[in-house]
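Dear colleague,

Please find below the structure that I am handing over to you.

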Amino acid sequence: MRPVNAEITEIIRETPTIITLRTDIELDAAPGQFVMVWVRGLDEIPMALSHPGSITVQRVGEATEALSRLEVGDSIGIRGPFGNGFEVKGEGRGDGDGGGGGNGEEYGDEKGNKIMVIAGGVGGAPLLPLAQQAQSLGLDVTILIGARTADELLFEEYFSKCGAFSVATDDGSKGHHGFITGAMDQFNLAGFDQFYICGPELMMKSVLDILQAAGLEAMAQLSLHRYFKCGIGVCGACTIDPSGLRVCRDGPVFSGDLLIKSELGKYHRDATGKKIMF
Amino acid sequence: MSSTDLSIELTGLGLENPIILAAGVLGTTGTSLKRMAGEGAGAVVTKSIGSEPKEGHPNPTMLKLDCGFLNAMGLPNPSYKDFRKELSIASEGGVPVIASVFGAHPDEFQEIILGLEGASAYELNVSCPHASGYGTVVGTDPVLVEEITRAAKRTTDVPVWVKLTPNVTDIVEIGEAASRGGADAVVAINTVRSMAIDIHSGYPILGNLYGGLSGPAVRPVAVKCVYDLYKALDIPVIGVGGIGSWQDAVEMMMAGASAVQVGSAVYDNVNIFSEITSGLSAYLKANDHCLDDITGLAHRKVEQ
């Protein structure tokens with residue numbers, strides 16, 4: 001597909017370094033799917049959708065810097081949605097399985113319905129629509145968000161409306177003082193059916209290590225970030241070791257049991273394909 | 001299951017089937033190449049590798065259009081020094097691994113081939129349409145193509161394939177130059193120079209402004225190039241360009257291809273290799289043909 005023209009209709013300052021750009025288009029995307037955002041004449045980068053017509057951007061490089069300088073009325077090119085997105089377990093409970101003949105009530109146990117959402121920094125962008133969808137499906141949602149300081153907590157107000165909510169800040173300016181993994185201690189992790197995680201890679205690796213220690217890695221879904229070129233699963237720039245899976249097409253969401261045996265937290269590759277150690 | 005034997009001997013290499021992963025597609029890492037071998041590719045060609053690390057062109061680098069795919073990756077690669085490890089991982093896939101290499105002159109090709117020892121064969125990329133100083137600027141000059149091919153042949157004992165650009169008046173002239181230089185096979189075609197413009201803004205969409213077209217739109221172009229090369233050359237022709245089904249593969253072989261490469265079609269399905277081989281096998285069986293019967297069949301029909 002060619003890029004669709006998207007006009008900026010509103011710019012929201014979420015934190016000192018993060019903005020949300022609302023546009024006049026609405027995409028039918030699953031939570032966790034991404035779009036390729038084209039800043040014409042400069043670059044095109046993958047971004048999570050924080051809402052069907054919105055992207056949430058942290059200034060980290062030339063392209064995101066250019067995005068943060070846009071004004072209402074400016075336009076960008078959007079291709080997508082791409083990738084697999086998160087799978088919301090527990091969806092469709094109460095539906096018969098077609099062959100069992102049981103009544104729907106047997107799905108009334110809480111199996112599959114208690115989820116934990118763990119967001120670090122701008123990693124909250126793809127997780128907000130996930131938390132909102134889970135809540136609307138009637139799932140029992142617990143949210144943990146973390147950032148360096150209280151100012152940088154993303155979507156605090158929206159997340160807090162989706163379920164049980166805690167925060168962690170590296171400097172202790174709000175909530176748990178320390179990394180988000182420390183804030184996980186207060187929960188009986190075995191009581192959760194699914195974990196949804198997005199944030200800086202080393203944070204995701206630490207969270208996954210904790211889940212693995214509890215034997216829960218297969219119940220985690222993590223959204224991975226890699227350098228994308230084509231964005232449509234052909235060029236191979238974003239494949240991960242040792243599976244050879246494409247983050248842009250087979251991902252960006254992968255299960256924890258696949259990632260625990262992968263390059264996650266060890267290295268990624270730059271634009272040339274060279275390995276860069278974390 | 002009794003299926004027709006698809007194994008071939010191609011420039012001295014044994015392939016279990018003639019469906020090869022094309023250069024520049026899912027070939028950046030060893031594990032990705034291994035995965036494609038596992039998906040049924042008879043051989044795999046790596047991303048084109050050069051002498052120095054290269055980031056490639058800015059994004060957008062690839063677009064899916066209605067008729068095919070437009071790309072200008074810009075030969076991103078970590079250099080042969082960093083790609084050696086990937087090559088050895090790729091070799092674990094159990095199929096021949098062909099290293100695609102690019103350079104500006106014969107010495108550079110030699111340096112890279114020496115530095116990437118261990119490949120089953122080398123495919124000389126003298127045909128990328130959108131990287132300045134490389135590819136097409138080299139591959140449109142028959143004298144240079146012959147020199148580069150000869151230099152590569154002097155450097156290695158394994159087969160040397162030369163990948164040709166269709167962006168010339170007469171591809172046969174370049175194919176003959178490669179053949180004179182000692183090429184073991186020619187591969188045709190690389191992408192067709194092309195461009196797309198965003199009508200909302202007037203900006204060319206690709207970061208490099210223009211690029212190369214692949215996919216269904218270029219298949220008839222490739223079929224004609226392969227047809228002409230088969231007629232003129234005594235070395236095998238490997239057909240590539242828009243192949244996405246077993247029917248496409250059969251057509252390319254009838255034009256003269258001894259084997260085919262599949263690139264953009266992985267977009268629809270990475271299992272495309274098994275899909276094509278099983279279709280091809282069933283076709284041969286139903287018609288009581290072997291692969292040799294169909295390679296170049298169109299020429300024999302015309303001559304009759």
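In this predicted model, strands β4(A) and β5(A) form a hairpin, with two residues between them. Their pairing is antiparallel and rests on two bridges, β5(A) covering residues 54-58 of chain A. Within this pair, L49(A) is found opposite I55(A) of β5(A).

Strand β4(A) also has a partner in β3(A), residues 34-39 of chain A; these two strands run antiparallel and are joined by six bridges.

Is β4(A) mostly covered or mostly open? Strand β4(A), which comprises residues 43-51, is mostly covered, as seven of its nine residues are buried.

Turning to the chain as a whole, chain A contains six helices and 15 strands. Of its 278 residues, 50% are buried. The C-alpha trace of chain A extends over about 55 × 45 × 40 Å along the principal axes. The radius of gyration of chain A is 19 Å, and this agrees with a compact globule, because 278 residues in such a globule would give a value near 19 Å. As for contacts in chain A between residues at least 6 apart in sequence, 61% of them link residues at least 24 apart.

Yours sincerely

Terms used: Residues are numbered from 1 along each chain as its sequence is written. Chains are lettered from A and ligands numbered from 1 in the order in which they are written. This is a predicted model: local features need pLDDT of at least 70, side-chain atom pairs count only at pLDDT 80 or more; totals for chains, interfaces and linings use all residues. A residue is buried if 20 or more other C-beta atoms lie within 10 Å of its own, exposed if 12 or fewer, and partly exposed in between; C-beta atoms are placed from the backbone. Helices (H or I, at least four residues) and strands (E, at least two) are DSSP runs, numbered from the N terminus. Two strands pair if DSSP finds at least two bridges between them. The radius of gyration is taken over C-alpha atoms; the globule rule is 2.2 Å times the number of residues to the power 0.38. Two residues are in contact if their C-beta atoms, placed from the backbone, lie within 7 Å.
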